[in-house]
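Colleague: Please go through the labels with me and set each value against its cut-off.

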Amino acid sequence: MLIEATGHINQDSLEVHVPNPPIAGTDVTMVSGATLSAATGASGKVCDRPICGGTNSGDADRLGRLVRGIAWCVLVGLGLVGCSTIPPTTDERPGAVTPSSSVPASSVPANSVTAISAPANIVVVLSDDQRYDTLGVTGHPFIKTPHIDRLAREGAEFPNSFVVTSLCLPSRATLLTGRYTHRTKVTGNEGPNRNPEASMVLRLREAGYRTAFFGKYHLDDCTPRPEFDHWECLAGRVGQGHYFDGNLNVNGVMQPFEGHSTDAVGERASTWIAAQGDRPFFALVSLKNPHHPLTPPARHNTLYEDIDVTPPASANDSPDALPTYVRAEMTAPAYAEELRNSSGNTDPLPDILRRYARMIPSIDDVVGRIDTTLDDTGLRETTLLVFTSDNGILLGEHGIIRKKLAYEASIRVPLAMRLPGRIPPGARPDNATLNVDLAATFLDAAGIDLEPSLGLDGLSLLSLFEQPAAEWRQDWVYIAPHRRKKIPPFLATRTDRWKYIRYAGPPVEEELFDLAKDPEERHNRAADPASKDQLEAMRQRLWNGMRDLEVPLTWFPTSDEPAIE
């Protein structure tokens, strides 16, 4: 498309009038709906201006951003502005907060974000049962994760990232929908009809994205899902798949793979990404690591053999002070039993921790392989690359090896992402971020307005950088898995300092932790008279959070519940 512009250009309103004759050398071209280039005009400069991808009928907001992108490229061609002066695009959604140049130094470096209107490619690497503290960037004493560390260094790492339900299926349903567990109806790992409705992947597909899934789906038996154009699912074990020499359901046809599943899934995902060209795409790369059984690729079988592994400080604490429900979880014949029985040691915990650590480097290898593919194909600058996990896991804390519980090791997950131009390098926002925010983040990166009709419970994490003055959550609600129960066995709420957990019982039991003074959650202050006011405040926060999320208030069983404001 040749833009002819010699007449009046109003830089305040960005109006470009296009009379004849044309400006020699100013050729403004739209490349696959993603980039406009104003090539060597009067200024002799070249500027690539990302713009809104696609102008769906009736989408005035996108069309406006498209026109502004064209206008600025013409201005560059005339030599009236430089590429570096292109302003960030203002969010014009109702109620949106205009980006501010005043950014807290603790979260986002000043003047480091240029909002981009183009739809980004989106690649999500999702691990399984990976704790937040298992990366180099999060301070692990011996696990090396250079590729994920690089991702965090070139983008952002979120040190306070949590899941709203710590269990595989509920967490994955939340990631796909941007909705809390009570709204996805996927509240446990058991039962039929586990696929959530209203997947954000379908919305991306409707917006012109090519969508693909690779790896462990686990939400059903691996049958190809209609929202994904390309499907490669680890088959067997009800969507769990096998670690070695198993099968992939590739678009409905079983194909064997050799070696370790994490290597195979990473390689196949990278091959698909490399073939996508200019059309925007979404790829969910779901790895089985480090879920039990703890069987890494052969090259990692002897890693950390000579390293002394220290169990958590609370591993040998007396269970007597723990709530009734938690004590029952300590003897549950599930994850802990399988791990301990396969260890063969009289004191297996250090060996379990060592074998768990061996599962992490192959995850990092996949992130590195995909990152290299993005570099080699020239897609790095236009791709949102995300790494996270579906949930954490207790590995000896309070003598428990299990997820589901609301303790830190179970609910905290690693999260790092990079999107050049929208996420400043080295950012480390300390805001509480949730897995319910991921769908909103992906849609935002795609240029899709986060309208109320989408029914999202989360917030776009990109707004932390582009709208730093906007309000952010001060607390949030955790809902326990509960498919076999009418109500969750417990609920929790957390602020930056305090955590309150309420067990339904009977009898009703409570835990209150001062995370600033007691990060390992070894001292329950619920019965401490000095914490009476804080206990009441946290009860009220939980009640208010439930009300705001439309969680059934009957899930707060007590006769002395706080007043409804």
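**Cavity and disulfide**

Modeller: The second largest cavity is lined by Leu126, Arg172, Leu175, Leu176, Phe213, Lys216, Tyr217, Leu219 and Leu284. This is a predicted model, where local features need pLDDT of at least 70 and side-chain atom pairs pLDDT 80 or more, while totals for chains, interfaces and linings use all residues. Residues are numbered from 1 along each chain, and side-chain values use heavy atoms, without hydrogens and water.

Colleague: What makes a residue part of a cavity lining?

Modeller: On a 1 Å grid over the protein atoms alone, a cavity is a set of points where a 1.4 Å probe fits but cannot get out, and a lining residue has an atom within 4 Å of a point. Helix 3 (residues 168-177) gives the most to this lining, with three residues.

Colleague: Why is the link of Cys222 and Cys233 called a disulfide?

Modeller: A disulfide is a pair of cysteine sulfur atoms within 2.5 Å. The sulfur atoms of Cys222 and Cys233 are 1.8 Å apart, so the pair meets that cut-off. The structure holds one disulfide, and this link is left-handed, with -115° about the S-S bond.

Colleague: Is Cys222 buried or exposed?

Modeller: Buried means under 20% relative accessible area, exposed over 50%, partly exposed in between, with a 1.4 Å probe and protein chains only. Cys222 has 0%, so Cys222 is buried. Cys233 is likewise buried at 0%, and Cys168 counts as buried at 1%.

Methods
1 Å grid on protein atoms, 1.4 Å probe; cavity = no way out; pocket = protein on both sides within 12 Å on 5 of 7 lines; lining within 4 Å. Helix = DSSP H or I, 4+ residues; strand = E, 2+ residues; numbered from the N terminus.
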